[in-house]
Amino acid sequence: MGGEVWVFVESVEGAIRKVSLELLCAADGFSKEIGGPVGAVLLGRPTDSALENLRSYADRVYLAEDERLAAYTSDGYTLALASLVRKHGPAVLLAGSTSTGRDLFPRVAVRLKTGLIPDCTGLAIGDEGRLLATRPIYGGKVFCQVSIPEASPQMATVRPNTFTLEKMNKRAEVIRDTTGLEGGEIRQKVEGVEKTTQEKVDVAEAEVVVGVGRGIRDPGNFKAVQDLADALGATIGVTRAVVDNGWWDVNDQIGKSGKNISARLYFAFGLSGAIHHVLGIQTCKTVVAVNTDTNALIFNYADYALVGDMMEVIPALKEEITKMKDEV
Amino acid sequence: MNICVLVKYVPDTEAIVRIRSDSELEIENKYFTNFFDEIAIEEAVKLKEKFGGTVTVVTVDNRRIDALRRGIAMGADHAVQISDAALEGSDSFGIARVLAAFLKKEPWDVILCGRQAMDDDAAIVGPAVAELLDLPHVSSILGLEIAEDGRSARVARQVEGGREILLCPLPAVLTTQKGLNTPRIPQVMGMMKAMKVQVRKLDLGALGVDPAEVGERGRKVRILRYLPPPKRSKAMRIEEDFPDNVRRLVRLLREEAKAL
Ligand SMILES: Cc1cc2nc3c(=O)[nH]c(=O)nc-3n(C[C@H](O)[C@H](O)[C@H](O)COP(=O)(O)OP(=O)(O)OC[C@H]3O[C@@H](n4cnc5c(N)ncnc54)[C@H](O)[C@@H]3O)c2cc1C
Ligand SMILES: Cc1cc2nc3c(=O)[nH]c(=O)nc-3n(C[C@H](O)[C@H](O)[C@H](O)COP(=O)(O)OP(=O)(O)OC[C@H]3O[C@@H](n4cnc5c(N)ncnc54)[C@H](O)[C@@H]3O)c2cc1C
């Protein structure tokens, strides 16, 4: 069917979000199958180095530069993105399943009278060059394969870590284009962001996550967990019980009413493995569980099961990992 | 203040869901009011307690009105069920269209809905309804303060690494996230009210929605088939005593799983 494959690119404090680059890598493969170039759409005012970096991942960078797009608003970004799509008519439009992607894409899809497949964990090109998406439903008890058979562009948001990030060396031309803001109105005014976590990498996007449950018993014990996380280059995630006890911020809650993660490596320390939590870690690659209870449910979802006291295991693990790194 | 809350009755997270065939699921009959929708109802009732006015709960559902009853039991005043045979086979966009048609009929100050429905996890309905009504929306809110004059709101929204604070004029569509409040447990009086509630029933005709825009014909997104979730093989038990077990774990993670 032909047409461009576009990725809506997010930047954080000047840097391009990893999931956007992952999607551009995947888009490179898709574009070969459907026969069109890869376009990266960037709204706002990127730094020179971010733009340069992005150029190596796409054939075209569409840039709508405007101070009013410096911070994300659903109104501003919908105007800008919908107007670019109308003008250039890409066949496929992808974004990360992030807070921005999930806020923006439904609105854009309605404006463009097309469909959207949200929160995919797998994406390929099927018959007639159409997207073939896999996504969990019922919290991951079932997966389904979905497509958008008629409407265009075919839109999807994709979970971080679904595709591997590789270095690419394209040299995209930069197309500075309309912002679409003319005649539109941005009703939301952003005042700022209150940081609630110190982590640079959000738990939903992290490759390694150290998960902590009620077994931690005291918030003071997080110091040892943080040391381990630092040694691993990991982000801390927690269960709802930990959040409800006021020991950690809800932003890092993993599970049904928190975030879904797709980490390469997940440690489950002192958490029982309640369905609500487990549903959020289903697409993690390797799961290690440490629990004092031999029969803890979490062992059924783990690749490696270690019966033990987390407060003893965590510092020892940190030592071993530091030692291992020193050897390398 | 006129507040409308969109509510959905969904299979409980603990309900067993089995694949019967490529195109059919078997869902255990264990349902609850969508977790995030209870947060939305709670917020609406709190706003009513502060500003006065009414709370209306609305659902699009051909069979179940339990989510409406829950809303009334928690303190909502009015309940509306939208049902129509032509809705069978609708996707999120079809449902949003129907809800928008209903909402257009009356002026609302705030429209609240859940961040996502715990069955499809689509998170589409809120922003889609807002777009169809040309209203601003903010999704995944963790905080809400409405100005004294009721014409604007300061909202905290969940973003990666923290919460974003923004100002948004009203009316608006706001989708609720865990952390905004703790939903109240309905009291006996509320339960009794809920049992007797008069549910206003509307169909597509009453809303002026073209049946071709919803149901199978209106679908933009098609489910091709259901698949079982990826299986994880049985865990390897690491049986050594401490601290040998930790050493073995690290070795396995490095050499076998290639995860370190
Ligand atoms: C609608 C709904 C949504 C929910 N959403 C979520 C969600 O998003 N995320 C979530 O996590 N939960 C969620 N829950 C809650 C969930 O059902 C569980 O209550 C919760 O996950 C339990 O947390 P936990 O495993 O930390 O605590 P517990 O179940 O109390 O488990 C603690 C574990 O720690 C072990 N332990 C104790 N001490 C040690 C030690 N020293 N070393 C090692 N192990 C030790 C114990 O053996 C036990 O297995 C939700 C519930 C509902 C009803
Ligand atoms: C009569 C009927 C027939 C259906 N037939 C099919 C079918 O054949 N095949 C199929 O795959 N799906 C069907 N569905 C499900 C439908 O496709 C949507 O998935 C669903 O209703 C929209 O919810 P969501 O999970 O996408 O919502 P999300 O966008 O995840 O929900 C976000 C929020 O929107 C609000 N909301 C969502 N749905 C409703 C609702 N129905 N009423 C009021 N508020 C709501 C809630 O506040 C919710 O928290 C049907 C639904 C209905 C009501």
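Modeller: Start here: Arg237(B) lies over the face of Phe299(A), 4.7 Å from the ring centre. A charge sits over a ring if NZ of Lys or CZ of Arg is within 6 Å of the ring centre and within 35 degrees of the ring normal. This is a predicted model, where local features need pLDDT of at least 70, side-chain atom pairs count only at pLDDT 80 or more, and totals for chains, interfaces and linings use all residues. Residues are numbered from 1 along each chain, chains are lettered from A and ligands numbered from 1 as written, and side-chain values use heavy atoms, without hydrogens and water.

Colleague: What sits over the ring of Tyr31(B)?

Modeller: The charged end of Arg64(B), 3.7 Å from the ring centre.

Colleague: New topic. Why is the site of ligand 1 shared between chains?

Modeller: Because residues from chains A and B surround ligand 1. Near means that a heavy atom of the residue lies within 4 Å.

Colleague: Which residues come nearest to ligand 1?

Modeller: Of the 26 around ligand 1, Arg214(A), Thr239(A), Ser257(A), Ser272(A) and Asn291(A).

Colleague: And what lies 2.9 Å from a nitrogen atom of ligand 1?

Modeller: A backbone N or O atom of Met310(A). A side-chain N or O atom of Asp309(A) is also 2.9 Å from a ligand 1 nitrogen.

Technical notes:
A polar contact is a pair of N or O atoms within 3.5 Å; within protein, one must be able to donate a hydrogen and the other to accept it, and residues adjacent in sequence count only if both atoms are side-chain atoms.
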